[in-house]
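Hi everyone, thanks for coming. Let me put today's model on the screen, and then I'll talk you through it.

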Amino acid sequence: MENGGDEEFERTLTFFSDQQLCYADVLPPSQVIARIEVAVVNFLRTLTSPATPALPHLPLISRQMSNSHLNQGLLTDVPWIFLSYSYSTRSFMRANSAKSFIRVWKVMEMCFNILRHEKQVTQRELYYMLICTTSGYFSSQLQVNKAIQDVVALLRCSRHSLGIIASSRGLLAGRVVLQEPNKAAVDCAACGPSGYPITGDLSILQNLVLQTDARYIILVEKHAVFQRLAEDGLFNQIPSILITAKGYPDIATRYLLHRLSQSFPKLPILAVVDWNPAGLAILSTFKYGSIEMGLEAFRYACNVKWLGIRGDDLNLIPEESLTPLKPKDLQESYREELMLMTHRGQRAEIESLYHHGYDFLGKYLVKKILQVDYI
């Protein structure tokens with residue numbers, strides 16, 4: 001992946017030696033295959049030990065809250081979630097984890113074959129492959145996704161190194177020109193409201209040549225809002241790049257945003273999300289990463305600022321557009337803004353600003369940006 005990002009991460013490790021950061025390596029297929037083979041050999045060695053033969057546990061880096069920490073950025077202004085060397089296990093001998101134990105081996109076997117044949121698959125493709133061959137152990141995409149992260153935690157190599165690529169939903173628009181090696185350049189300002197679809201192949205994203213005269217990167221939670229801003233030409237009103245993951249962020253969109261931030265470090269990244277806990281969760285994932293993917297969070301983290309909607313914008317939103325907080329919303333926590341949501345018992349969506357006309361949203365964002373009204 002990005003060598004500069006890895007070097008910066010390794011320098012930062014020296015400030016956290018007491019907390020023993022653990023992270024996933026980016027490896028070529030031959031090294032991942034070797035790690036899988038070592039895992040198999042260790043398993044068989046324990047299983048056939050003449051002294052105390054037993055079914056071994058699988059030691060996985062724990063992805064629990066208790067094993068997560070936040071790097072506050074001593075050498076960088078980009079904070080990220082990281083995990084320590086604390087372990088959880090998958091055991092065939094425990095009823096509540098026996099199937100999870102088998103799923104790890106099934107996914108490793110599939111990845112082994114994918115890498116041997118020099119192929120790549122999406123998570124969705126992997127799900128169907130596993131359903132066709134081992135339907136008794138997999139019944140949902142969620143189970144496959146969790147097993148993939150278990151394999152990452154066991155082998156300590158990135159998901160992309162396993163031959164699994166992201167299923168990207170992301171789009172890009174505005175003042176940025178992209179060029180893949182040996183292909184024509186694409187001007188994202190000319191892509192219209194549909195935007196430029198972000199590929200799920202991180203290798204392609206890594207090798208993109210990027211050019212821009214933008215002064216801001218605007219991260220948009222919702223597809224419909226992205227389309228509205230692109231159609232209104234917000235990026236010409238204020239020189240900017242628009243990017244969206246159409247909701248909860250996928251890996252490819254997070255990686256491209258990270259690349260943009262590394263390539264153009266002076267451009268602020270400003271998030272436009274709903275004023276509710278889900279919007280804050282989306283912002284936080286782009287900014288810090290997630291505990292579930294804590295072994296790779298540093299490769300995708302960005303210094304995202306919150307542009308809107310925030311509590312001091314509620315005077316722009318009609319009372320009838322504010323909706324009650326749902327019970328699940330109240331389980332989240334995000335300091336002052338979430339405390340205000342909880343106090344009011346309300347939530348607000350970006351589209352509520354259309355009450356002032358369809359062109360108001362762009363004017364609202366331009367005004368907030370120029371006033372440096374983001375946190």
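I'll take a sheet to begin with, and then some helices.

A word on ground rules: this is a predicted model, where local features need pLDDT of at least 70, side-chain atom pairs count only at pLDDT 80 or more, and totals for chains, interfaces and linings use all residues. Residues are numbered from 1 along each chain as its sequence is written, and side-chain values use heavy atoms, with hydrogens and water left out.

Helices (H or I, at least four residues) and strands (E, at least two) are DSSP runs, numbered from the N terminus. Strands pair if DSSP finds at least two bridges between them.

So, in what order do the six strands of the open sheet come? The order is β11-β8-β14-β13-β15-β16, and the pairing is mixed. β11 (196-197) and β16 (304-308) each have a single partner strand, so one side of each lacks a neighbour in the sheet. Further in, β13 (residues 216-220) and β14 (residues 240-244) run parallel, joined by five bridges, with Y216 opposite S240 in β14.

Now the helices. Axes are lines fitted to C-alpha atoms, for helices over the stretch in contact (heavy atoms within 4.5 Å), and angles run from 0 to 180 degrees between N-to-C directions. Helix α10 (residues 277-288) lies across β13, β15 (269-272) and β16, at about 155° to β16. Helix α12 (residues 360-370) lies across β13, β15 and β16 too, at about 130° to β16.

Finally, the axes of α2 (residues 29-47) and α3 (residues 98-116) come within 10 Å and cross at roughly 145°. Among the residues that meet there are I36 and F43 in α2, and W105 and F112 in α3.
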